[in-house]
Amino acid sequence: MNRATPRLRAFAAFPFVLTLVTYLVLLAAWGDRLPDTLATHFSGAASARADGFTGRTAFAAVSVALLLGLGTGWTVLVRRTALWGAWATAGFAGALLVLLLRDNLDAADPAQVVSPLTNLLLGGAAAALFALTGGALTRLAPAGAGADAPGAAAEGPRLALGASEVAGWSRTTASRPLTVLSLLALAAVPAGLLLAPWPAALLALLGLVIGVPGLALARVRVTVDRWGVTVRPSLAGRPRVRVPLDEVTGASVRELDTAAVLADYGGWGYRVRADRTGLVLRAGEALVVRRSGGREFAVTVPDARTAAALLNTLAERRGKV
């Protein structure tokens, strides 16, 4: 599962600590040169002029909260392959905050403060430099103890099935919150078209974009048979996800609580990550299928252990495990 180790979490937190300390030191050092009201939003082209303002104390509080929030999120959810992203985020956010302070130095009138386009280029350069540092540190961060070993899938559960016996398994899994939200989104479409003023009524059509796929994924049927694994909406044949038996190298069961869902898949629904995809509709047991390319597919479904055992047995028959 490649859970983050304490060392990996420390590596992810460090750039935000470094950025926060640097920012606070500069804020204190430049305190007597900063106006009580800072220019914090700009519009225009190459030399953008200020059109939004924030008090110095409020800006400091929001900036610190931003860095702490980003740092906490990356520390909790970081994965070894994404450590560079934590460093890039810290570098970009920290650089822009420091440059914003610099632009406001000795400003008699915040409305006259300008923020050149080069600030974004400097922020991007800082992000790239930090990303390279984070990438270099990846080799010092061992994979988590929960990572699946190469032979782990082959040691998964098996189903006692005779050489000539044929078996199949099928269960439905559903998300009540997703069903409710999808129905509300669909209900908002006619209401918005009838009641909202034009052209704001067109925004109601977004309900279709949210509600139709949401309702399709809110209740699905998972099937394991001699063809492999198939996941499709209970009310329709499409869209569907299929893992052919030829691509299955093993199956296992994984317990997913809320923290694991956020850390391993980034949230609920159909999720795509660098090394795994998953249809995560609820917390609980999940069927995890390892594919021949090394990627994983997971779906939360009741009785996942039976599904994994049958899939391992069927794949073993074909010499894939």
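Guide: A residue is called buried when its relative accessible area is under 20%, exposed when that area is over 50%, and partly exposed in between. The model discussed here is predicted.

Visitor: Which residues of H8 are buried?

Guide: The buried residues of H8 are Ala304, Ala307, Ala308, Ala309, Leu310, Leu311, Asn312, Thr313, Leu314 and Ala315. With ten of its 14 residues buried, the helix is mostly covered.

Visitor: And what do the buried residues of H8 pack against?

Guide: They pack against strands: S4 (169–174), S5 (219–225), S6 (228–233), S8 (248–256) and S11 (284–291).

Visitor: What span should H8 have at 1.5 Å a residue, and how far apart are its end C-alpha atoms?

Guide: Helix H8 covers residues 304–317, and its 14 residues should span 20 Å at 1.5 Å a residue. Its end C-alpha atoms lie 20 Å apart, so the two values agree.

Visitor: Which side chain meets that of aspartate 106 in a salt bridge?

Guide: The partner is arginine 33, with an N to O distance of 2.6 Å. The pair links distant parts of the chain, 73 residues apart, since arginine 33 lies in the loop between helix H1 (6–29) and strand S1 (37–43). Arginine 33 is partly exposed, at 35% relative accessibility.

Visitor: How many salt bridges does a search of the whole structure find?

Guide: The search finds seven. One of them joins the side chains of arginine 291 and glutamate 247 at 2.4 Å, N to O. Arginine 291 is in strand S11 and glutamate 247 is in the loop between strand S7 (241–244) and S8, so this pair ties together parts that are 44 residues apart in sequence. Arginine 291 is partly exposed at 24% relative accessibility, and glutamate 247 is partly exposed at 28%.

Visitor: Which salt bridge does arginine 290 make?

Guide: The side chain of arginine 290 meets that of glutamate 296 at 3.2 Å, N to O. Glutamate 296 is buried, at 6% relative accessibility.

Visitor: Changing topic: is aspartate 103 buried or exposed?

Guide: Aspartate 103 counts as buried because its relative accessibility is 14%, which is under 20%. The residue lies in helix H3 (residues 83–104). Leaving aside residues up to four places away in sequence, aspartate 103 touches Val113, Val114, Ser115, Pro116 and Asn119.

Visitor: Last topic, the surface: which residues make the nonpolar patch?

Guide: Val76, Leu77, Leu262 and Trp268 make a nonpolar surface patch of about 330 Å². Of these, valine 76 is found in helix H2 (residues 56–77). Valine 76 counts as partly exposed, at 45% relative accessibility.

Conventions: Residues numbered from 1 in each chain as written. Predicted model: local features only at pLDDT ≥ 70, side-chain atom pairs only at ≥ 80, totals over all residues. Heavy atoms only, no water. Patch = residues over 30% accessible without salt bridge, like charges linked within 9 Å, V, L, I, M, F, W, Y side chains within 5 Å. Areas by Shrake-Rupley, 256 points an atom, 1.4 Å probe, with all protein chains shown as cover. Salt bridge = Lys/Arg side-chain N within 4 Å of Asp/Glu carboxyl O. Helix = DSSP H or I, 4+ residues; strand = E, 2+ residues; numbered from the N terminus. Buried < 20%, exposed > 50% of the residue type's maximum accessible area, 1.4 Å probe, protein only. Contact = heavy atoms within 4.5 Å. Expected span 1.5 Å × (residues − 1).
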